[in-house]
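Here are a few notes from a pass through this model, jotted down as numbered points. Have the viewer open while you read.

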Amino acid sequence: MSSQEPESTAKSRPSGAGHRARLRERLLNGGAEALADYEVLEYLLFGAQARGDTKPLAKELIERFGSLSGVLDAEPGALKQVKGVSDTTVGALKIAALAARRMARSEVRQKPVLGSWQALLDYLTIDMAHLTVERVRVLYLDTRNRLMLDHHAHEGTVDEAAIHPREVIRRGLDIGASALILVHNHPSGNPEPSRADIQITQRIIEAGRHLGITVHDHVIVGREGHVSLRSKGLI
């Protein structure tokens, strides 16, 4: 009997099965840093593409969107402009992004926010750093600084015409919050605060002072990092 694999068996084996098995072994045995970003994306694409080499598509997606995070946060329509990306592929990427957000959010909800600041920053970065529009959120906290409500306050430019300080504070009073953290993103990627960011923060602080709600911070998130107005001495 020949020791060679029968031709029919070889033809039935999915292309790239050996590579996929090796990648899986590295993932399971090598820890969090075992795979490069494009390989993580490659692995995610396995579920959407039963056969074939997913590496070229993974590398093309990262080149197009700049990073693994950029791919996961990309709009479905933009993803589908890349040749080889189907609805199934988009679904695989979006469920991975959703899982990452849910994990990060659970870390924030389970602990006092001020005592787990890095977990909060990780959550905000995952959720907002790659948004293509400016979004304002207000994190309302209880007396133990636990998250009560993550409120999507506004989408668009941050200014008093859109964000009314007394309304921000009144929402906190309605739910019994004792403090809040303002958050928004800069789609440009640069998280440095503008004059308008600083001014609206000061007005919300003043409104809260009169009604017993403390503004702990205003965090600005961008692809290039994050900025805390308190850390910069602006609060």
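1. The crossing of α3 over α4 is right-handed. Bear in mind that this is a predicted model. For orientation, α3 covers residues 37-46 and α4 covers residues 55-65.

2. On the geometry: two packed helices are described by the angle between their axes and the distance between the axes. Here α3 and α4 pack at about 125°, and their axes are 8 Å apart.

3. Which residues of α3 and α4 meet? On the α3 side they are Asp 37, Tyr 38, Leu 41, Glu 42 and Leu 45. Facing them from α4 are Lys 55, Leu 57, Ala 58, Lys 59, Leu 61 and Ile 62. Sorted by class, this contact has seven nonpolar and four charged residues, with no polar ones.

4. Now the strands. β1 (135-141) and β2 (147-155) run antiparallel and are joined by seven bridges.

5. Arg 144 belongs to the loop between β1 and β2. Is Arg 144 buried or exposed? With a relative accessible area of 56%, Arg 144 is exposed, since the cut-off for exposed is over 50%. Its C-alpha is 9.4 Å from that of Leu 114, 30 residues away in sequence.

Key
Residues are numbered from 1 along each chain as its sequence is written. This is a predicted model: local features need pLDDT of at least 70, side-chain atom pairs count only at pLDDT 80 or more; totals for chains, interfaces and linings use all residues. Side-chain values use heavy atoms; hydrogens and water are left out. Helices (H or I, at least four residues) and strands (E, at least two) are DSSP runs, numbered from the N terminus. Buried means under 20% relative accessible area, exposed over 50%, partly exposed in between (1.4 Å probe, protein chains only). Two strands pair if DSSP finds at least two bridges between them. Axes are lines fitted to C-alpha atoms, for helices over the stretch in contact, and angles run from 0 to 180 degrees between N-to-C directions. A crossing is left-handed if the near helix is turned anticlockwise from the far one by less than a right angle, and right-handed if clockwise. Contact means heavy atoms within 4.5 Å. Ala, Val, Leu, Ile, Met, Phe, Trp, Tyr, Cys and Pro count as nonpolar, Asp, Glu, Lys and Arg as charged, and the others, Gly among them, as polar.
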